[in-house]
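The sequence and the structure follow.

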Amino acid sequence: YRLVRVYPRNFLYAYGMRSGDIIKRVNGHALTATGKLYQLYQGLKSEKSISIDYVRRGKLKRLEFKITD
């Protein structure tokens with residue numbers, strides 16, 4: 001999924017994502033369909049950490065987050 005408009009005030013921007021980035025995997029699961037994206041989102045509520053693999057200018061990158069209370 002390609003991010004189209006990530007503005008400086010957006011939380012994604014604060015975490016390093018930019019317009020044009022392509023999200024490939026979330027917690028190791030490939031994003032292959034919109035239904036899969038929704039399913040992954042629902043499952044993230046119980047996760048202790050999140051990793052996002054994305055492509056920027058042809059290079060694979062990763063963001064990792066720890067979930068705390």
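How many of the residues of β3 are buried? Seven of the eight residues in β3 are buried, and the strand is mostly covered; buried stands for under 20% relative accessible area, exposed for over 50%, and partly exposed for what lies in between (1.4 Å probe, protein chains only). The model is a predicted one, in which local features need pLDDT of at least 70 and side-chain atom pairs count only at pLDDT 80 or more, while totals for chains, interfaces and linings use all residues. Residues are numbered from 1 along each chain as its sequence is written, and side-chain values use heavy atoms, with hydrogens and water left out.

**Strand pairing**

Helices (H or I, at least four residues) and strands (E, at least two) are DSSP runs numbered from the N terminus. Strands are taken as paired if DSSP finds at least two bridges between them. Strand β3 (residues 49-56) runs antiparallel to β4, and eight bridges join the two. Within this pairing, Ile-50 stands opposite Phe-65, and Asp-53 stands opposite Arg-62. The two strands form a hairpin with two residues between them, and Arg-57 in the turn has a positive phi of about 50°. β3 is also joined to β1, again in antiparallel fashion, by four bridges. Here Val-26 stands opposite Ile-52 of β3.

**Salt bridges**

A salt bridge is counted where a side-chain nitrogen of Lys or Arg lies within 4 Å of a carboxyl oxygen of Asp or Glu. Four salt bridges are found by this rule, including those in the table.

| Pair | N to O distance |
|---|---|
| Asp-21 and Arg-56 | 2.8 Å |
| Arg-25 and Asp-53 | 3.1 Å |
| Arg-62 and Asp-53 | 2.6 Å |

The side chains of Asp-21 and Arg-56 meet in one of these salt bridges. That pair links distant parts of the chain, with Asp-21 in the loop between α1 and β1 and Arg-56 in strand β3, 35 residues apart. Both Asp-21 and Arg-56 are buried.

Arg-25 forms a salt bridge with Asp-53. Arg-25 belongs to strand β1 and Asp-53 to strand β3, so this pair ties together parts that are 28 residues apart in sequence. Arg-25 is partly exposed, at a relative accessible area of 29%, whereas Asp-53 is buried, at 3%. Salt bridges with shared partners join Arg-25, Asp-53, Arg-62 and Glu-64 into one network.

**Aromatic residues**

A pair of aromatic rings is described by the distance of the centres and the angle of the planes. Rings of Phe, Tyr and Trp (its six-membered ring) pair if their centres lie within 6.5 Å; planes under 30 degrees apart count as stacked, over 60 as edge-to-face and the rest as tilted. The structure contains one aromatic pair. Why is the pair of Tyr-15 and Phe-65 edge-to-face? The ring centres are 4.9 Å apart and the planes stand at 90°, so the pair is edge-to-face. Tyr-15 lies in the loop between α1 (11-14) and β1 (22-26) and Phe-65 in strand β4 (residues 59-66), 50 residues apart, so that distant parts of the chain are linked. Tyr-15 is partly exposed, with a relative accessible area of 49%.

Tyr-38 lies in helix α2 (residues 34-43) and is exposed, with a relative accessible area of 55%. Tyr-38 and Phe-65 are 27 residues apart in sequence and 19 Å apart in space, C-alpha to C-alpha.
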